[in-house]
Amino acid sequence: MPLTRSLSMGSLSGLPLWDQEELPVEDLLLFEVAWEVTNKVGGIYTVIQTKAKVTVDEWGENFFMIGPYYEHNFKTQVEQCDPPNAAIKAALESIKNNGCQVHFGRWLIEGTPYVILFDIGAAAWNLDRWKGDLWNTCSIGLPYHDREANDSLILGSLVAWFFKELTDQLQDKPNVIAHFHEWQAGVGLVLIRSRKLPMATVFTTHATLLGRYLCAGNADFYNNLDKFDIDREAGERQIYHRYCLERAAVHCSHVFTTVSQITAVEADHMLHRQPDVVTPNGLNVKKFSAMHEFQNLHSMNKLKIQEFVRGHFYGHLDFNLEKTLFFFIAGRYEFSNKGADVFLEALSRLNYLLRVLFLCPKAYTLHTVHKLKRDTAQSVKEKFGKRLYEALLRGEIPDMNKILDRDDFTIMKRAIYATQRHTLPPVTTHNMLDDSTDPILSNVRRIGLFNSRSDRVKIVFHPEFLSSTSPLLPMDYEEFIRGCHLGVFPSYYEPWGYTPGECTVMGIPSVTTNLSGFGCFMEEHISDPSAYGIYIVDRRFRSAEDSCNQLTQFMFSFCQQSRRQRIIQRNRTERLSDLLDWRYLARFYIHARHLALCRAFPERFKMDSLAPPPNQGFRYPRPPSVPPSPSASLHSTPHHSDTEDEDDHEPYDEDEEAERDRLNIKAPFTLGAVPEGKKKQPSDYGN
């Protein structure tokens with residue numbers, strides 16, 4: 001049967017329809033299986049959670065997500081309901097009648113997809129039998145002490161059981177597509193194919209197991225991809241059984257995908273199969289009706305960060321917050337994989353340039369300690385205002401030497417003495433259990449950045465998630481990003497890289513690398529990434545020393561920009577957000593499903609072409625207002641002066657430049673229409 005169109009990819013402003021034929025979703029059921037369904041663990045949670053909306057828009061009531069059941073997650077994130085499909089309901093009832101627990105409902109996220117959650121603990125009594133089945137099926141044995149692998153086997157066995165019941169009920173009408181994410185969910189795929197269930201399968205690896213381990217062990221990974229003895233390396237790290245599960249899922253799937261070109265190269269060497277489709281990670285991009293709105297959010301949230309700085313550096317606040325730049329790094333606490341080692345080394349070389357800088361391995365949070373001074377100032381201000389008002393009522397010009405009495409000065413002195421600090425501002429906001437071995441604190445000691453008065457770089461390390469309910473600083477992670485000036489993510493191992501992507505859609509410039517999927521994606525689609533606020537450090541073809549110097553130069557150049565130049569760059573960065581919108585990037589998942597159906601049911605599904613959808617052939621041009629030489633616009637020393645901005649006559653019109661971008665982007669498509677109406681001038685915004 002020919003494939004017919006179901007979802008208009010023209011919903012993104014300025015993006016023409018995609019010529020690829022699409023699926024008859026009314027005759028299909030789509031299931032997406034991942035350990036992170038309703039269960040926030042890592043970046044895969046962001047992928048499936050943000051992609052749910054466009055998938056539901058395409059598939060409607062025929063889309064379901066499958067994952068493990070956790071009571072707290074279910075009660076707080078899921079609205080329980082009955083399955084809308086009779087065959088699914090019968091399959092779940094059969095599993096329940098055989099002594100296993102399964103829960104069904106709607107996940108309360110954008111799109112509200114249906115979810116099927118299997119209770120791992122309630123089915124653990126089958127573990128030994130299912131281990132035997134796995135061994136008999138594919139000769140993979142699991143050690144008893146590996147809890148994660150055992151749980152993955154339980155979930156995979158329940159998933160395969162469910163699909164067996166479902167396909168028996170459906171009798172090939174409608175057909176079923178199952179998409180599995182990562183090795184933890186891949187066990188189910190292996191069992192499905194070994195039992196020859198009539199289904200189309202897709203498997204996505206977001207990062208190879210062995211690749212992450214090797215990079216964390218400081219191996220020269222990318223220069224030796226073809227030299228590793230894969231089996232020996234996996235065995236030495238005691239993950240051989242996990243590696244076998246991952247590799248089995250890769251080779252059993254009808255279609256194998258990964259999230260970036262750099263991970264595709266890695267998968268070819270580590271798993272010995274080239275991905276059929278690259279499916280870049282996206283985000284739900286919400287554009288503001290007025291361009292200046294995201295600039296206003298930057299100014300508002302920057303004030304919250306400045307409030308923390310006043311408290312954290314009390315007694316040592318000898319720098320002007322209005323002339324201070326806020327940089328941050330965030331992500332998993334993988335010291336070398338995420339590039340924290342290179343970042344800290346670059347800071348030590350940049351100490352004479354920058355002002356305040358934050359390190360946040362999970363997320364960032366702050367705390368304020370200057371409440372006493374603020375309360376004292378408020379009290380004295382009220383007294384001062386009352387006495388001034390009384391003097392004016394009497395028709396007198398107040399004597400400024402008498403308007404504050406001795407008690408007022410005593411109160412202010414007590415506040416000053418009570419908050420005096422005889423030690424340097426702390427580098428970390430928390431007491432670490434074993435700070436002598438913590439890699440970040442150890443390297444801070446090595447480079448000697450202790451927040452002394454002579455340091456131009458100030459470091460705050462906060463090893464805890466950011467939360468709007470935190471007593472330290474009630475800011476969400478998104479608010480914090482918007483308040484900063486630059487995100488720095490010089491990762492060595494980063495299959496995609498959501499942190500710089502999140503910065504981009506919020507209009508905040510960022511540093512990434514050509515070893516991250518995000519960095520490679522931006523290099524492919526932007527002629528001059530740094531002009532758009534995407535600084536790409538070369539960590540693939542340069543030595544560690546040269547890469548560190550390049551990162552240092554990027555940060556130095558950023559500090560040389562005037563306030564107006566930073567505002568212009570934020571406008572350009574935000575303009576790239578359409579590139580990362582799921583409304584565009586979901587087409588690669590659509591193609592993977594097409595291909596899986598054609599391979600699983602070649603007699604029913606055909607495609608005009610098995611070639612992947614085009615992801616090349618268009619590039620953002622170099623902005624016409626960017627000078628041909630850095631010396632034409634950048635100052636020779638760090639520059640933050642408002643007075644100098646008045647002499648900055650770099651030609652720039654946001655409407656005109658955005659329109660040129662839209663017209664100059666090459667085929668096969670264009671991105672992003674410019675909102676109508678005159679936008680606020682860049683010089684009207686804050687720093």
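**Reading a predicted model, one feature at a time**

Modeller: Let's start with helix α1, which is mostly covered: 13 of its 17 residues are buried. Keep in mind that this is a predicted model.

Biologist: Which residue is the kink in α1 centred on?

Modeller: That would be A52, and the kink is about 45°. Look just after α1 too: G60 takes a positive phi of about 60° there.

Biologist: Let me zoom out. How many helices and strands does the protein have?

Modeller: There are 23 helices and 15 strands. Of the 687 residues, 58% are buried. As for the accessible surface, it comes to about 28600 Å², with 51% belonging to carbon and sulfur atoms.

Biologist: How should I read a nonpolar core, and which residues have the most contacts inside the largest one?

Modeller: The general idea is that in soluble globular proteins, nonpolar side chains tend to be buried together. In this model the largest nonpolar core has 111 residues, and L551 and M555 have the most contacts inside it. Helix α21 (residues 582-600) gives this core its largest share, 11 residues. Apart from that core lies another one, of 76 residues, including A87, I88, L142 and L191.

Biologist: Back to L551, then. What does L551 touch, leaving out residues up to four places away in sequence?

Modeller: L551 touches V342, F343, A346, V488, P490, V511 and V537.

Biologist: Now a loop residue. Is T208 buried or exposed?

Modeller: To decide, compare the relative accessible area with the cut-off: buried means under 20%. T208 has 1% relative accessibility, so it counts as buried. You'll find T208 in the loop between β7 (200-205) and α7 (209-216).

Biologist: Which side chain does the side chain of T208 make a polar contact with?

Modeller: With the side chain of E266, at 2.3 Å. Setting aside residues up to four places away in sequence, T208 touches E246, E266, A267, M270, L271 and Y493.

Definitions and conventions
Residues numbered from 1 in each chain as written. Predicted model: local features only at pLDDT ≥ 70, side-chain atom pairs only at ≥ 80, totals over all residues. Heavy atoms only, no water. Helix = DSSP H or I, 4+ residues; strand = E, 2+ residues; numbered from the N terminus. Buried < 20%, exposed > 50% of the residue type's maximum accessible area, 1.4 Å probe, protein only. Areas by Shrake-Rupley, 256 points an atom, 1.4 Å probe, with all protein chains shown as cover. Polar contact = N/O pair within 3.5 Å; in protein donor to acceptor, adjacent residues only side chain to side chain. Contact = heavy atoms within 4.5 Å. Core = buried A, V, L, I, M, F, W, Y, C linked by side-chain atoms within 4.5 Å. Bend = angle between axes of the 7 residues up to and from the residue.
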